[in-house]
Amino acid sequence: MEKNWQSARIKPFSFLLKVIAASLLIFSVIALLGAGSKWLFGEKIPGFAAVLPGSSLEAAAEEGAEKRVIILDAGHGGMDSGAVSVLGTREKEINLAVAKKVEEFLRMEGMEVVMTRSDDRMLTSRAGRGTAKMQDLLGRVEIAREYENGIFVSIHMNTLPMEKYKGLQVFYSANSDTSKVLALTIQSHIAEHLQPDNKRETKKAGSNIFVLDRLEQPAVLIECGFLSNYEEASLLIKEEYQNKLAFLIAHSILQFAGND
Ligand SMILES: [Zn+2]
């Protein structure tokens, strides 16, 4: 009896607590998204407020953005380290760190995201043929091909024998017209908000970029920066810089998904 009496009194109170807790959580998520660009860049970026906070997200969703699946591909992994930076950091690790941050931003916006890898490993192909590297690349293509409405975004870091080169550059698949649009969106947002000196242009991928060559859907590969350049290599391992990079990539994907 005593117990029932207690629970009868406590119930409405605990319900109220739950409502308050839920409201606080929702409020802080909205505030975080709204403040996203301000928090990362020190100022609100025009256009960002239009995509990340609720208002235009609804518009983007209406236009079908939510039906798109984003396939995020962190390059290399496992035995395949990719490039090694002048500071000793391996490309595969930075690729995964940036890809996971992009994933987080996209999920905050309610987008469906598929990661080709979420940990440190090489992929295998269902076809089961070829070298480990070929199987790894085929495995990525096979995952992307499962989603007809997919948008494929591969994250890599660049390297060259000469130290002087730096700056992000986006490569796009020659198989779909919209791939170039996505590449231009990313390239221009980076030049505008992160790398004002970056005069690089997007580049159509040849058959040497295996994954872009094999995919029919919108597909781009982002070389986020040069690990052979001291200045850029030291930025690329910083969490704050990775956040900015990931935020701009996610923002570009959202904008593209809403308009495509
Ligand atoms: Zn790479």
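Modeller: Helices are DSSP runs of H or I with at least four residues, strands are runs of E with at least two, and both are numbered from the N terminus. Residues are numbered from 1 along each chain as its sequence is written. The model is predicted: local features need pLDDT of at least 70, side-chain atom pairs count only at pLDDT 80 or more, and totals for chains, interfaces and linings use all residues.

Let us look at helix α5, residues 91-108, which holds K92. The 18 residues of α5, at 1.5 Å a residue, should span 26 Å. The expected span is 1.5 Å times one less than the number of residues. The end C-alpha atoms of α5 are 26 Å apart, which agrees.

Now K92. A residue is buried if 20 or more other C-beta atoms lie within 10 Å of its own, exposed if 12 or fewer, and partly exposed in between, with C-beta atoms placed from the backbone. K92 has 25 within 10 Å, so K92 is buried. Two residues are in contact if their C-beta atoms, placed from the backbone, lie within 7 Å. Leaving aside neighbours within four places in sequence, K92 contacts H76, G77, D80, S81, G82 and D120. S81 is eleven residues from K92 along the chain, yet their C-alpha atoms are separated by 5.2 Å.

Other buried residues of α5 include I94, L96, V98 and F105. The buried residues of α5 pack against β1 (69-74), β2 (112-115), β3 (150-158), β6 (219-226), α9 (230-236) and α10. Just after α5, G110 takes a positive phi of about 80°.
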